[in-house]
Amino acid sequence: MRGLRASGGIVGLALMVLAGCDAPAPPATSARPSVRPIVAPPEVAPGPSANSLALASYYQRVESDLLSRGLLRRDGGGPDTPYTDTDVMRNFERIAFYDEYQQGAGYRPSSGRAGGLRKWVGPVRMNVEFGASVTEAQQAEDRRLVADYAARLARVTRHPISAGGGAANFHVLFMGEDDRDAMLARIRQLAPEAGPNTIGIFRDMPRTIHCLVVAFSGQGEDHVYRRAIALIRAEHPPLMRQSCVHEELAQGLGLADDFPGARPSIFNDDDEFALLTSQDEELLWLLYHPDLKPGMTPDEARPILRRLLDARAGGPV
């Protein structure tokens, strides 16, 4: 996680009251008086609420501040961010086997203990949904963003990842403060097994949590992902919006933690990089190598990681 309304219509009933006057009635005539049709004024869609506008202003300031400090880089790393295979092994272990937050406990930090490797074994089919607060033009842009990124993730991982086709199992929700009730209702539909703590993660999301993803494992298969829901705030400016998509969709594939020592990487809360880096691509490639199985411990995975990295140094694996 970076940083970490069921609509009810009101029916208006207009009553037209004709008031009489004291003047004498005109003589009877067979001609009917002309009646002008009453045309209701067009409905005007409500604009963003004060809360949504305030949040959009806040995130614009955050983005501007980060850019002014040389952060939110989009270059993927360069000569100033060298890394070795030893760095990749260390960063993979820290990001893939640990959690940022304790499972089932809301925003409580994790215990710091390593768990088993988690990943998808079946195809990942992403679908994009929007709250009513997101304009059609923005929806089109967000669909392109997710589709292009899904294609990149598929190339990097060599795993079937797609967007916009088939029965979705990875749901990407672009919703804002004014969509909160509708967002919670939709999450309950998508994940009926989600308990109060999971719902609370979405409901009580503080503004310091810019976006998030929750992945759900299969019954009896604790380390195999079957469904994921990512929430991207509709109030984000363009670069932070893209940054959220890059981080949350990659984390929803199994790289669940952030690690301060990872550089260049988006799996690092220092916001130095906005978009997936060259090292991040290596981490994803390793995660989805068929030799790494769901449920593996760090001790079991370490010699495999070493072998894969050594072999890759000599050519494609």
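**Reading the terms in this model**

Student: Where does Ala-191 lie?
Tutor: Ala-191 is in the loop between helix H4 (180-190) and helix H5 (196-203). Helices (H or I, at least four residues) and strands (E, at least two) are DSSP runs, numbered from the N terminus. This is a predicted model, in which local features need pLDDT of at least 70 and side-chain atom pairs count only at pLDDT 80 or more, while totals for chains, interfaces and linings use all residues. Residues are numbered from 1 along each chain as its sequence is written, and side-chain values use heavy atoms, with hydrogens and water left out.

Student: Why is Ala-191 called buried?
Tutor: Buried means under 20% relative accessible area, exposed over 50%, and partly exposed in between (1.4 Å probe, protein chains only). Ala-191 has 1% relative accessibility, so Ala-191 counts as buried.

Student: Which residues is Ala-191 in contact with, leaving aside its neighbours within four places in sequence?
Tutor: They are Phe-216, Arg-227 and Ile-229. Contact means heavy atoms within 4.5 Å. As for Ile-229, 38 residues away along the chain, its C-alpha atom is 8.6 Å from that of Ala-191.

Student: What makes strand E5 largely enclosed by the rest of the structure?
Tutor: E5 covers residues 211-218, and six of its eight residues are buried, so E5 is largely enclosed. For the protein chain of 317 residues, buried residues make up 45%.

Student: How do you know that E5 and E6 pair?
Tutor: Two strands pair if DSSP finds at least two bridges between them. E5 and strand E6 (residues 221-233) have eight bridges, in the antiparallel sense. One of the residues involved is Val-214, whose bridge partner in E6 is Ile-229.

Student: What is the phi of Gly-220 in the hairpin of E5 and E6?
Tutor: Gly-220 has a positive phi near 80°, in a hairpin with two residues between the strands.

Student: Why are H2 and H7 called roughly perpendicular?
Tutor: Two packed helices are described by the angle between their axes and the distance between the axes. Axes are lines fitted to C-alpha atoms, for helices over the stretch in contact, and angles run from 0 to 180 degrees between N-to-C directions. Angles under 35 degrees count as roughly parallel, over 145 as roughly antiparallel, 65 to 115 as roughly perpendicular and the rest as oblique. Helix H2 (residues 85-96) packs with helix H7 (residues 278-287) at about 65°, and their axes are 10 Å apart. H2 is therefore roughly perpendicular to H7.

Student: Which residues of H2 and H7 meet?
Tutor: Asp-87, Val-88, Asn-91, Phe-92 and Ile-95 in H2 meet Gln-279, Glu-282, Leu-283, Leu-286 and Leu-287 in H7. The residues of this contact divide into six nonpolar, two polar and two charged. Ala, Val, Leu, Ile, Met, Phe, Trp, Tyr, Cys and Pro count as nonpolar, Asp, Glu, Lys and Arg as charged, and the others, Gly among them, as polar.

Student: Is the crossing of H3 and H6 left-handed or right-handed?
Tutor: A crossing is left-handed if the near helix is turned anticlockwise from the far one by less than a right angle, and right-handed if clockwise. The crossing of H3 and H6 is right-handed, and the crossing of H2 and H7 is right-handed too.

Student: Why is Thr-84 called partly exposed?
Tutor: Thr-84 has 44% relative accessibility, so Thr-84 counts as partly exposed. Thr-84 lies in the loop between helix H1 (50-68) and H2.

Student: What is the phi of Arg-158?
Tutor: Most residues other than glycine have a negative phi, and most peptide bonds are trans. Arg-158 has a positive phi of about 60° although it is not a glycine. Arg-158 sits in the loop between H3 and strand E3 (161-163). With a relative accessible area of 59%, Arg-158 is exposed.

Student: Is Asp-271 buried or exposed?
Tutor: Asp-271 has 11% relative accessibility, so Asp-271 counts as buried. Its phi is positive, near 65°. Asp-271 is in the loop between H6 and H7.

Student: What kind of peptide bond joins Arg-263 and Pro-264?
Tutor: The bond is cis, with omega about 0°. Pro-264 is in the loop between H6 and H7.
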